Amino acid sequence: MEFSLPILPTISTTFIVLSAIFVAIGWNLILKRKIAAHQKAMFFAAIFAVIFFIIYASRTIFIGNTSFGGPDNIKIYYTIFLIFHITLATVGAVMGITMLVTGYKKNYAFHRKLGPVTSIVWFCTAITGVMVYLLLYVFYHGGETTSVIKAILGF
């Protein structure tokens, strides 16, 4: 039995995991009041997230998305999970950008309030993203590569 992982999804998933790791590092650093180190860690978290997005968006535009290739009886659960992940990722991205802007503009009161929530949303996004990757490429063979709508909804 041959086992191989698709290169672009593997690389992009690695970058989102690195982003989440740097968010965790940044959170730990700010709790220790190491502000400059926190800023650097969060900068790298943002860079890794942007690299993920560039790879993901490029693959989506130029190649397409991979539809679920697992059993039909669990496809609906995968689809619901995927829609949840996409929604979470969108909310997490908006919150992350908001945190970067408020941090650089020194709006620390708002930044402190929303920062922990944003981090938790980002961790959940990374975890659910890894689960989508595992379901598409590791646990099951990916289905056809097709348009976003067809890949998500199956039509």
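**Figure 1. An aromatic cluster of five phenylalanines.** In this predicted model, one aromatic cluster is formed by Phe15, Phe22, Phe43, Phe44 and Phe48. By the rule used for ring pairs, the count comes to 10 aromatic pairs. A pair of aromatic rings is described by the distance of the centres and the angle of the planes. For phenylalanine 43 and phenylalanine 44, the centres are 5.7 Å apart and the planes stand at 75 degrees, and the pair is edge-to-face. The pair is called edge-to-face because its angle of 75 degrees is over the cut-off of 60 degrees. Phenylalanine 43 is partly exposed, with a relative accessible area of 40%. Phenylalanine 44 also has a relative accessibility of 40% and is partly exposed.

**Figure 2. The ring pair of phenylalanine 68 and tyrosine 140.** Phenylalanine 68 and tyrosine 140 form an edge-to-face aromatic pair, with 5.5 Å from centre to centre and 75 degrees between the planes. Phenylalanine 68 lies in the loop between strand S1 (65–66) and H3, whereas tyrosine 140 lies in the loop between H4 and strand S2 (145–146). The two residues are 72 apart in sequence, so the pair ties together separate parts of the chain. Are the two partners buried or partly exposed? Phenylalanine 68 has a relative accessibility of 8% and counts as buried, because the cut-off for buried is under 20%. Tyrosine 140, at 27%, counts as partly exposed.

**Figure 3. The packing of helix H3 against helix H4.** Two packed helices are described by the angle between their axes and the distance between the axes. Helix H3 covers residues 72–104 and helix H4 covers residues 108–138. Their axes come within 7 Å and cross at roughly 145 degrees. The crossing of H3 and H4 is left-handed. Sorted by class, the residues in the contact of H3 with H4 are 20 nonpolar and 12 polar, with no charged residues.

**Figure 4. Valine 132 in helix H4.** Valine 132 is part of helix H4. With a relative accessibility of 9%, valine 132 counts as buried. What does valine 132 contact, leaving aside its neighbours within four places in sequence? The residues in contact with valine 132 are Tyr78, Phe81, Leu82 and His85. Threonine 13 is 119 residues away from valine 132 in sequence, and their C-alpha atoms are 9.7 Å apart in space.

**Figure 5. Proline 9 in helix H1.** Proline 9 lies in helix H1. Its relative accessible area is 6%, and proline 9 is buried. Not counting residues up to four places away in sequence, proline 9 touches Arg59, Tyr133 and Tyr137. Proline 9 and isoleucine 55 are 46 residues apart along the chain, with 8.2 Å between their C-alpha atoms.

**Figure 6. Two loop residues with positive phi.** Most residues other than glycine have a negative phi. Arginine 33 has a phi near 60 degrees, a positive value in a residue other than glycine. The loop that holds arginine 33 runs between helix H1 (7–31) and helix H2 (35–62). Arginine 33 is exposed, with a relative accessible area of 66%. Lysine 106 is not a glycine either, and its phi is positive at about 60 degrees. Where is lysine 106 found? Lysine 106 is in the loop between H3 and H4. At 56% relative accessibility, lysine 106 counts as exposed, because the cut-off for exposed is over 50%.

**Figure 7. The chain that holds these sites.** The chain has 5 helices and 2 strands. Along the sequence, these elements follow the pattern α-α-β-α-α-β-α. The C-alpha trace spans about 50 × 30 × 25 Å along its principal axes. Of the 155 residues in the chain, 34% are buried. The chain exposes about 9,500 Å², and carbon and sulfur atoms supply 75% of this area. Among contacts between residues at least 6 apart in sequence, 74% join residues at least 24 apart.

Conventions
Residues are numbered from 1 along each chain as its sequence is written. This is a predicted model: local features need pLDDT of at least 70, side-chain atom pairs count only at pLDDT 80 or more; totals for chains, interfaces and linings use all residues. Side-chain values use heavy atoms; hydrogens and water are left out. Axes are lines fitted to C-alpha atoms, for helices over the stretch in contact, and angles run from 0 to 180 degrees between N-to-C directions. Helices (H or I, at least four residues) and strands (E, at least two) are DSSP runs, numbered from the N terminus. A crossing is left-handed if the near helix is turned anticlockwise from the far one by less than a right angle, and right-handed if clockwise. Ala, Val, Leu, Ile, Met, Phe, Trp, Tyr, Cys and Pro count as nonpolar, Asp, Glu, Lys and Arg as charged, and the others, Gly among them, as polar. Rings of Phe, Tyr and Trp (its six-membered ring) pair if their centres lie within 6.5 Å; planes under 30 degrees apart count as stacked, over 60 as edge-to-face and the rest as tilted. Buried means under 20% relative accessible area, exposed over 50%, partly exposed in between (1.4 Å probe, protein chains only). Contact means heavy atoms within 4.5 Å. Accessible areas come from the Shrake-Rupley method with a 1.4 Å probe; for residues, only the protein chains shown count as cover.
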